[in-house]
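Could you walk me through this structure, one feature at a time? I would like to learn how to read each kind of feature.

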Amino acid sequence: AGPLVFCQCCPDSETLAMSFASSLDAEPLPGSDQMGYILDPERIPAELEPFRGRLSKNFFEVRKQIINFVKEDVIPFQSIYHQQHLEEVKKVQTSREPMPGEDPAYARHGVWAASPSCLAELREKAKDRGLFNFFLPEVGRLSVLEYAPIAEIFGAFHLANVAMNCSAPDTGNMEVLEKYGTPEQKKQWLEPLLEGTMRSAYAMTEPGVASSDATNISCTIERDGDEYVVNRHKWYISGACRPECKLLVLMGRSKAPGPSDAIHRQHSMLLVPRDSPGVTIVRPLAVFGHIHDHAEIVFENVRVPVTNMLLGEGRGFEIAQGRLGPGRIHHCMRTIGTAEQALDSIVHRSQSRTAFGKLLANQATLRQSVAEARMEITKSRLLCYLAAVQADDHGFKAAKAYIAMTKVDAPRMALKIIDEAIQVHGAHGVSQDSKLSDLYIHVRHLRLADGPDIVHLNTIAKEEIQKKGSVLGRMVSGANKNIRKYGKFDHVIPNTHARL
């Protein structure tokens, strides 16, 4: 098994959906000509043109269906969604009591609020259009490449992601249950997840170990008769606070540490009902100082049936590798859509503000920012499409270096453009009247989700270093022939012992 990094925390589509819904409360619905290419069914990104021969007729039909869904259903619902969310938050703030073991300081925070009731209606609309559970290949019938430009739409319109039941961490958990679950596990957990009647969370991250190396995961899974007993401490478990969450897909150590060649056979994945005795949600956790739906959880002698084991003991890394590959590239696809939002905000601001006697749009420095942003998005989109093609042609495992490249590149690119957008907007860019600060927080924490940048950079470097040296490399590098001629270094033994 290759290096595995786990999801530090998943970007929260519902949080972003509510944030952007609030910005449309008093605004008229824009016309189609103001939507940009991302909602133009007749246009595709120019970067996709070299791959046009790979695009099926189904891709164009499905993309048009989703664009119509966003225009006709999602955007009109955003203000209703926001208002109902505020009502649910008010219920929590006035009446909710802390659960046993919970930090009472956060007991009435809005993070515990139920999803707005209108979401059920919007999901029915998605079902009627055949778009529900769109992330599943048998629903969308798309290649990885074809999914990429559609995921950009989800990155710009987060409520569409939620309405179509395509939100993390549920998507990854559903894929795991579909691929590795028993018929009984699918009946109990997968079916309600696919129906959207419950939510789930993915419990891997631990606060007491360096979790970017997932072999450090210390949560114990010990068999006791017909049950497994779970102990230890997890945090940044995305989605676990919301009342709709009923299932935790947990990774823990089921075997004692053994020889190094068995290091990836010591962990397992277990299905843990969230309401199991001994599961204590201690508190919701913050991202950049703002509380989000990422839970800190303590597991104290939690007992679940042995039938809740996924695939078998010691198969945790095998499952995790299959789960994380698609998730990483999907994050990148959505992030490109977010970067387009940020660039659009720069253009909008530049056409509505004057400084030093002329529109910002006519300032050379502003034009430079716009041009550089477009170049960065273009490069990042092409890299993402290349990674998608590699995954289509060779599988996610063989494409891991390309996926690692786009996983590092896309959030870096988007952050740079969002930061420039904040600069262009000035104080307004960091105020509650702008959504740029929400975008910045979301994308910055994405550089930790599914592993920090340095782990992905290491994946890329290892593939390069493992290649055999080439004649070209030797020619360019060159050699000092006098070293061998005079032999004054023949006695030197290279010191390969690492030291600080």
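**Reading the model, feature by feature**

A: Buried means under 20% relative accessible area, exposed over 50%, and partly exposed in between, with a 1.4 Å probe and protein chains only. Leu311 sits in the loop between strand S7 (290-305) and H9, and its phi is near 70°, a positive value in a residue other than glycine. Helices (H or I, at least four residues) and strands (E, at least two) are DSSP runs, numbered from the N terminus.

Q: What should I know about the model before going on?

A: This is a predicted model, in which local features need pLDDT of at least 70 and side-chain atom pairs count only at pLDDT 80 or more, while totals for chains, interfaces and linings use all residues. Residues are numbered from 1 along each chain as its sequence is written, and side-chain values use heavy atoms, with hydrogens and water left out.

Q: What pLDDT does the protein average?

A: The idea first: pLDDT is the predictor's confidence in each residue, from 0 to 100. Here the protein averages 90, and 92% of the residues score at least 70. Residues 1-8 have a pLDDT below 50, and in the model this stretch has 38 contacts beyond near neighbours in sequence. Contact means heavy atoms within 4.5 Å. Residues 28-33 also stay under 50, and for them the model has 4 contacts beyond four places in sequence.

Q: Which residues of H3 are buried?

A: They are Cys118, Leu119, Leu122, Arg123 and Ala126. Looking down the axis of H3, these buried residues fall within an arc of 140°, so they line one face of the helix. The arc is that of the directions from the helix axis to the C-beta atoms. The cover over the buried residues of H3 includes helix H2 (57-95) and helix H6 (158-163). Just after H3, Gly130 takes a positive phi of about 75°.

Q: Is Phe132 buried or exposed?

A: Phe132 counts as buried, because its relative accessibility is 9%. Phe132 is found in the loop between helix H3 (118-128) and helix H4 (137-140). Leaving aside neighbours within four places in sequence, its contacts include Arg123, Ala126, Val139 and Leu194.

Q: What sits over the ring of Phe132?

A: A charge sits over a ring if NZ of Lys or CZ of Arg is within 6 Å of the ring centre and within 35 degrees of the ring normal. In this case the charged end of Lys127 sits over the ring of Phe132, 4.8 Å from its centre. Elsewhere, the charged end of Arg96 sits over the ring of Trp112, 3.8 Å from its centre.

Q: Which residues touch the most other members of the largest nonpolar core?

A: In soluble globular proteins, nonpolar side chains tend to be buried together. A nonpolar core is a set of buried Ala, Val, Leu, Ile, Met, Phe, Trp, Tyr and Cys residues joined through side-chain atoms within 4.5 Å. Of the 96 residues in the largest core, Ile66, Phe134, Phe157, Met164, Met333 and Ile417 touch the most other members. Helix H9 (residues 316-350) gives the most to this core, with 11 residues. Apart from it lies another core, of 27 residues, including Trp112 and Phe299.

Q: How many aromatic pairs does the structure hold?

A: Rings of Phe, Tyr and Trp (its six-membered ring) pair if their centres lie within 6.5 Å; planes under 30 degrees apart count as stacked, over 60 as edge-to-face and the rest as tilted. The structure holds 6 such pairs. In one of them, the rings of Phe134 and Phe154 have centres 6.3 Å apart and planes at 85°, so the pair is edge-to-face. This pair links distant parts of the chain, with Phe134 in the loop between H3 and H4, and Phe154 in helix H5 (residues 144-156), 20 residues apart. Ring pairs also link Phe134, Tyr147 and Phe154 into a cluster.

Q: Where is the cis peptide bond?

A: The cis bond joins Ala168 and Pro169, with omega about 5°. Pro169 lies in the loop between H6 and helix H7 (170-180).
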